[in-house]
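Open the model in your viewer and keep the selection panel at hand. We will go from one stop to the next.

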Amino acid sequence: MPPTSRRILQYLLSLLTAALVCGLACSHRFYIESIVSAYFAAALAGAAIIYACIRRPKELIHVVAVALVLWGLEYGTAGARVAGIFLVVPTISLIGLAAFLLLGLRAIWSRGDEQRTLLYAFIPAVVFAASDWFASELLAITEKLHPQVYDYYLYSFDASLIWQASPEVGKLFATHLWFRISSTIVYVGLALPIALVYGLNLRKHGRAALQVMYAFLLTGPIGVIFYNLLPAMGPAHVFGPAFPFYVPDFIHAAQLVPTAVTLPGPRNAIPSLHMGWVLLAWWNSKGLHWFWRVVVLYFVVFTVFATLGTGEHYLVDLIVAYPFALLLQAISKTSLPIADRQRWVPLVAAIATILLWFALLRFDYRFFWLSPSIGWLMSLVTIAGAIGLHYWLQSNPSESTSEQPALSSAVAE
């Protein structure tokens, strides 16, 4: 492309990018529907984390400066009617939008390896935020397709273990405010460890880090497919105010004959995508600095508490999340041919394990009531098997983990 034409195209793309970001900041509808959402704010903030991972630390001042400009636009237009409330969440959202703008502009005006790295940061971050924004639409479709839910089947399994994880952790939530707040922040901030792990992998491995983002991006769409196979909502939705203190105990649950019930709400229980995402973040944090691994592990631990304590998930949802995460890791392992035994064996094993759980939960729930040890043993085998196959999948010494060298000093000093 001639230099003049290239320069004109760069100016046009820059104007378009700036107009889109400023338009979102000025949109009252977008403010109400998205910017004040804590979940979406975390997804937007992921762009700022990725930006911090691949750029010089001193460049973060640019993000802050642009965020202040966007703050002024929002306060004067979109947020004027609700000024004074939800100040923290919109600020986080606008920092994320500022990072999106800077990533886009720098990608437009840079060249070579620097431009490729910026595109690897910008495009996946946009797709991930967009997928988060459209997630509610996909869940709404699942609700329309499946007016009935099978929660009592999942509850039956949890109860067969004698110790019911979700109600017990829920009681801790109800009696310990600090525990509930810490877990809820982690639950809402799910996108943060995802962005951190991808950003650090991008800084370290360049283009090879894309397969990490593939796994993160595929989690939602593939998860919705499984939601349609066994629609469920979580104990807090089924038991309502009775959760967590007055759910049926082991003796009463043993007499329960599970049935499908009609309830409104999202069908997003099994497998737990929150658990799947943080597992992927933990698995793909291997090789990163120990400090960042500790941060990711913190999210893993408190995600377990949050998913159970809020009543959004049964324990079995978290168990099935292990083979689900393995499935996503195997699908996204593009550095290995799909026909490679080291890739297709974990993939097939993961699918088979998930479908076996679904079949037993739905059609042979009494199997777990033969003895509590059956459910516990099957859970441990599922988790251990998924972890073992994951390490085997990742253990190929001949595989190149640096298709693109580490970021040049021009980008990452």
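Begin with the largest cavity: its volume is about 70 Å³. The model is predicted. By the rule used here, there are two cavities of 30 Å³ or more.

**Stop 1: the largest cavity.** Select Ala-43, Gly-46, Ala-47, Ile-50, Ala-125, Phe-128, Ala-191, Ile-194, Ala-195 and Met-213; these residues form the lining. Now colour helix 3 (38–54), helix 6 and helix 10 (191–205), the elements that each give two or more residues to this lining. Helix 3 gives the most, with four residues. Next, colour by class. The lining has nine nonpolar residues, one polar and no charged ones.

**Stop 2: the second largest cavity.** Here the space is about 40 Å³. Select Tyr-155, Asp-158, Gln-164, Ser-166, Pro-167, Pro-235 and Tyr-314 to show the lining. Helix 7 (151–160) and helix 8 (165–175) each supply at least two of its residues. By class, four residues are nonpolar, two are polar and one is charged.

**Stop 3: a helix pair.** Select helix 5 (residues 88–109) and helix 6 (residues 112–145). Their axes come within 9 Å and cross at roughly 145°. The crossing is left-handed.

Which residues of helix 5 meet helix 6? Show Phe-100, Leu-103, Gly-104, Arg-106, Ala-107 and Ile-108. On the helix 6 side, show Gln-115, Leu-118, Leu-119, Ala-121, Phe-122, Ala-125, Val-126 and Ala-129. This contact has 11 nonpolar, two polar and one charged residues.

End on Ala-125. Ala-125 is in the helix 5 to helix 6 contact, and Ala-125 also lines the largest cavity.

Key
Residues are numbered from 1 along each chain as its sequence is written. This is a predicted model: local features need pLDDT of at least 70, side-chain atom pairs count only at pLDDT 80 or more; totals for chains, interfaces and linings use all residues. Side-chain values use heavy atoms; hydrogens and water are left out. Axes are lines fitted to C-alpha atoms, for helices over the stretch in contact, and angles run from 0 to 180 degrees between N-to-C directions. A crossing is left-handed if the near helix is turned anticlockwise from the far one by less than a right angle, and right-handed if clockwise. Contact means heavy atoms within 4.5 Å. Ala, Val, Leu, Ile, Met, Phe, Trp, Tyr, Cys and Pro count as nonpolar, Asp, Glu, Lys and Arg as charged, and the others, Gly among them, as polar. On a 1 Å grid over the protein atoms alone, a cavity is a set of points where a 1.4 Å probe fits but cannot get out, and a pocket is an open set with protein on both sides within 12 Å along at least five of seven lines; lining residues have an atom within 4 Å of a point. Grid points are joined across faces, edges and corners, and a volume is the space filled by probe spheres set on the points.
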